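Load the model in your viewer and keep the selection panel open. The stops below are given in the order in which to select them.

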Amino acid sequence: MVQPTACSVPGLRHNEPMTRGFSGRPRRPANDRLPPGQYDVGKDFPVLTAEVTPRLDPEKLTLTIDGLVERESTWTWKELHQLPGSVYRGDIHCVTTWSKFDTSFGGISADILLAAASPLPSATHVMIRSTTGYTTNLPLSDISDGKAWVVWDHEGHPLPVEHGGPMRFLVPHLYFWKSAKWVSKLTLMDHDQQGFWERNGYHDHGDPWKEERYQGD
Ligand SMILES: Nc1nc2c(c(=O)[nH]1)N[C@H]1C(S)=C(S)[C@@H](COP(=O)(O)O)O[C@H]1N2
Ligand SMILES: [Mo]
C-alpha cells in the first residue's frame, strides 16, 4: 500500500501524550467529542492541498449533478445563492489527527441539490469532483438526510481560497479528505469507485469514530 504523504502538515505537533493500543498504532484517548487517535487543534485551521490552488471566478463557476439522476442539473454561483441556505455548526476531523471544534460553514444542504436532480433507484454511490481533478467517493447515504453541504462561507466570511473557496463540499461526519475543495460536480453511480486519496491508500468510507483511516482499517 502506498502511504499518503501529501496530507501531512509541517510543524504540526501532537499536544497530548500518546499511548500504544493493541494494534501497535500510536493512540490518544478518545472522548465523546474527540474521535480515537485525534487531538484538538484549537484555533488553527491547517491547509491540506494536494494540487495547485486554483483561482476561480465565481461568476463562471457552476455546480453539476450528473450520472444516475432523473434530471441532470447545473447551477450557476448566482443560482446556488437563490436556493434556501443552510449552516453547519460543529466539529471537523482530519485524518492527519487534528480535529477542530465548533466550526461554522454556510451554504446549502446537499439534500436540496439531490432533490432537484432526483437520483435513480439504482444510484448507491457518488463521486465528488473538483475543478482541479481531485475526486473522492462516498455512499449516497452519507451525503443525504442533512449530512453534507456545499459551502461558501466560513465563520460568517467568504470561504478563503486555500480552504476551497469560492465553494467546497462538506461532509463533517467523515474524515475531512471527503470534503472536496473547489467542488464542481457530483456524479451518481450504481457502484463504488475510488477517488484520489482512496486510490492512494485511504479508506473508502472514512468514519473517524471507527478510525477508518487506511484501506483495510
Ligand atoms: N480539491 C481538494 N480537496 C481537498 C483536498 C485536496 O488536496 N484537494 N484535501 C482534502 C484533505 S486531505 C483535507 S484534510 C481537507 C483539508 O481542508 P482544509 O485545507 O480546508 O483544511 O480537504 C480535503 N479536500
Ligand atoms: Mo486530510
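A polar contact is a pair of N or O atoms within 3.5 Å; within protein, one atom must be able to donate a hydrogen and the other to accept it, and residues adjacent in sequence count only if both atoms are side-chain atoms. Helices (H or I, at least four residues) and strands (E, at least two) are DSSP runs, numbered from the N terminus.

This is a predicted model: local features need pLDDT of at least 70 and side-chain atom pairs count only at pLDDT 80 or more, while totals for chains, interfaces and linings use all residues. Residues are numbered from 1 along each chain as its sequence is written, chains are lettered from A and ligands numbered from 1 in the order in which they are written, and side-chain values use heavy atoms, with hydrogens and water left out.

**Whole chain**

Start with a cartoon view: the chain has three helices and 13 strands. Of its 217 residues, 50% are buried, where buried means under 20% relative accessible area, exposed over 50%, and partly exposed in between (1.4 Å probe, protein chains only). The chain exposes about 10300 Å², and carbon and sulfur atoms supply 52% of that area; accessible areas come from the Shrake-Rupley method with a 1.4 Å probe, and for residues only the protein chains shown count as cover. Counting contacts (heavy atoms within 4.5 Å), 66% of those between residues at least 6 apart in sequence join residues at least 24 apart.

**Helix α2**

Select 110–117, which is α2. At its start, a side-chain oxygen of S109 comes within 3.0 Å of the backbone nitrogen of D111. Which residues of α2 are buried? They are A110, L113, L114 and A117. Looking down the axis of α2, the buried residues fall within an arc of 100 degrees, so they line one face of the helix; the arc is that of the directions from the helix axis to the C-beta atoms. An α-helix has 3.6 residues a turn, so residues three or four places apart point the same way. Just after α2, S118 has a positive phi of about 60 degrees.

**Nonpolar cores**

A nonpolar core is a set of buried Ala, Val, Leu, Ile, Met, Phe, Trp, Tyr and Cys residues joined through side-chain atoms within 4.5 Å. Next select I65, I143, V150, M167, F169 and L186, which touch the most other members of the largest core, a set of 35 residues. Elements that each supply at least two residues of this core include β4 (62–67), β8 (125–130), β10 (149–154) and β13 (183–189). The largest share, four residues, comes from α2.

Centre on F169 and show its surroundings. Leaving out residues up to four places away in sequence, the residues that F169 touches include A110, I128, I143, V150, K178 and L186. A second, separate core has 14 residues, among them Y39, W98, W149 and F176.

Move to V151 in strand β10. V151 is buried, at a relative accessible area of 0%. Beyond four places in sequence, V151 touches F105, G106, G107, L159, P166, M167, R168 and L170.

Then take T187 in strand β13. Is T187 buried or exposed? T187 is buried, with a relative accessible area of 12%. Its side chain makes polar contacts with the side chains of D66 at 2.8 Å and R129 at 3.1 Å.

**D91 in β6**

Select D91 in strand β6 (residues 86–93). D91 counts as buried at 12% relative accessibility. The D91 side chain makes a polar contact of 2.8 Å with the side chain of R33, and a polar atom of the D91 side chain lies 2.9 Å from the backbone nitrogen of D102.

**Ligand 1**

Finish at ligand 1, which has 22 residues around it (a heavy atom within 4 Å). Of these, P46, A50, H163, R168 and K181 come nearest.

- A50: a backbone N or O atom is 2.7 Å from an oxygen atom of ligand 1.
- E51: a polar side-chain atom is 2.8 Å from a nitrogen atom of ligand 1.
- R168: a polar side-chain atom is 2.7 Å from an oxygen atom of ligand 1.

Taken alone, ligand 1 exposes 530 Å², and the protein buries 100% of that.
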